[in-house]
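I opened a new model today and kept notes as I went. The entries follow the order in which I looked things up.

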Amino acid sequence: MCGKSGGKRCRGLFAKFSSFPLVKKIRYLFLFVICIYLLFFGLIYVLVIRNNLGDYAAKKNLNTLSAISGNLTAEADRISDMSILVMTDDAVISYLKSDQGNYTRAAKESVNTLYDLMNVFEGISSIYIFDNNLNYVTASRSVTTVFPRKLLTSAWSQDMIDNAGGYIITVNKAILGENGNPVSGDYMFRTKLNEPLITFVRVINDLGTQKPIGYLAVNLPLTILGETYQDHVEGDSRFGYLYYDNYIYGDDLTAEYNRISNHSASYSQKIVGNWGNERIISYYRLPDSPLTLVSSERFYAGQIIPTET
């Protein structure tokens with residue numbers, strides 16, 4: 001068993017062990033059994049238990065990100081419900097079909113309708129109604145500058161056509177130069193304080209002909225993204241949003257996101273770090289949206305657990 005070269009050494013060790021008192025022999029045998037047990041349990045954990053718990057952690061993580069995504073979808077549904085009220089309002093329809101500018105009775109009544117809806121649907125920064133000539137009426141809680149011709153750019157108009165009357169989601173944030181004027185940024189709206197906005201834009205179709213008669217844009221503060229995951233933040237768990245793969249809100253997890261090599265899937269995750277100090281990083285692309293939710297959570301014994309800070 002020990003081989004020819006080690007035969008003398010094995011016999012020497014056995015003779016030495018035989019010379020030990022009974023109590024000492026029992027003690028060494030007990031330690032030997034414990035070592036064998038720990039080794040066996042470690043192998044079972046690595047080969048079987050940890051894989052099973054890892055599958056559980058992956059499903060739990062996906063469920064969490066799906067729930068957060070559902071919160072944002074619920075917000076979009078709320079805006080959609082409001083838009084139906086806007087698009088069926090007689091004053092709004094009259095304004096969009098009149099081509100008589102912003103000083104008509106229908107235009108004034110449209111503004112009143114928008115303010116009434118803002119009082120019912122809380123958290124909205126501003127609402128804009130554009131006709132096909134890019135004239136517009138608005139209701140706003142903050143001073144906002146608008147660049148209507150953005151609606152005619154190929155990227156925006158094609159996205160709205162592709163969505164067949166559904167919303168396209170954009171994040172508006174101008175990048176300012178030293179003189180305080182915007183120098184770049186894919187934005188259509190800009191607040192006085194240059195606060196980032198998330199904008200829902202859709203085509204308004206005539207109910208009879210189903211032809212476009214205008215556009216609806218609803219602006220909300222970017223803080224609504226934080227509200228989607230606030231109930232899931234525990235310990236040192238971190239969440240953040242990317243817009244076209246660029247960080248926009250929450251924890252900046254761009255580096256963690258880039259550690260996942262495959263970005264083509266709608267959901268992916270990866271465990272990083274040393275054993276006992278691992279984290280599970282994952283991303284979830286929101287359906288029909290340029291937004292990506294990224295998370296980073298503690299991973300221990302195959303389970304995501306909070307760590308006290």
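**Entry 1: a strand pair.** The model is predicted, so I read every value as computed from it. I then looked up how the two strands run. β4 and β8 (residues 197-205) are antiparallel, and 5 bridges join them.

**Entry 2: the sheet.** Where does β4 sit in the order of the open sheet? I read the order as β2-β1-β9-β8-β4, 5 strands with antiparallel pairing. β2 (136-140) and β4 (168-172) stand at the edges. Each has a single partner strand, so one side of each lacks a neighbour in the sheet.

Entry 3: Helix α3 (residues 90-98) does, touching β1 (126-131), β2, β8 and β9 (212-221). The direction of α3 makes about 40° with that of β1. α4 lies across β1 and β2, and runs at about 30° to β2.

**Entry 4: α4 itself.** I took α4 next, residues 105-120. The helix has 16 residues and reaches 23 Å from first C-alpha to last, close to the expected 22 Å at 1.5 Å a residue. Which residues of α4 are buried? I noted A106, A107, S110, T113, L114, L117 and M118. These cover an arc of only 135° around the axis, which means they lie on the same side of α4. The general rule I had in mind: an α-helix has 3.6 residues a turn, so residues three or four places apart point the same way. The face turned away from the buried side carries the exposed residues R105, K108 and N119.

**Entry 5: aromatic rings.** I counted ring pairs and got 10 aromatic pairs. For Y128 and F130, is the pair stacked or edge-to-face? The ring centres are 5.9 Å apart and the planes are at 15°; under 30 degrees counts as stacked, so this pair is stacked. Y128 and F130 are both buried. Y128 also pairs with F189, at 4.8 Å centre to centre. The planes there make 45°, and the pair is tilted. This second pair links distant parts of the chain: Y128 is in strand β1 and F189 in strand β7 (residues 189-191), 61 residues apart. Both Y128 and F189 are buried.

**Entry 6: the cluster.** Last, I grouped the rings. Y128, F130, Y136 and F189 form one aromatic cluster.

Conventions. Residues are numbered from 1 along each chain as its sequence is written. This is a predicted model: local features need pLDDT of at least 70, side-chain atom pairs count only at pLDDT 80 or more; totals for chains, interfaces and linings use all residues. Side-chain values use heavy atoms; hydrogens and water are left out. Helices (H or I, at least four residues) and strands (E, at least two) are DSSP runs, numbered from the N terminus. The expected span of a helix is 1.5 Å times one less than its number of residues. Buried means under 20% relative accessible area, exposed over 50%, partly exposed in between (1.4 Å probe, protein chains only). The arc is that of the directions from the helix axis to the C-beta atoms. Two strands pair if DSSP finds at least two bridges between them. Contact means heavy atoms within 4.5 Å. Axes are lines fitted to C-alpha atoms, for helices over the stretch in contact, and angles run from 0 to 180 degrees between N-to-C directions. Rings of Phe, Tyr and Trp (its six-membered ring) pair if their centres lie within 6.5 Å; planes under 30 degrees apart count as stacked, over 60 as edge-to-face and the rest as tilted.
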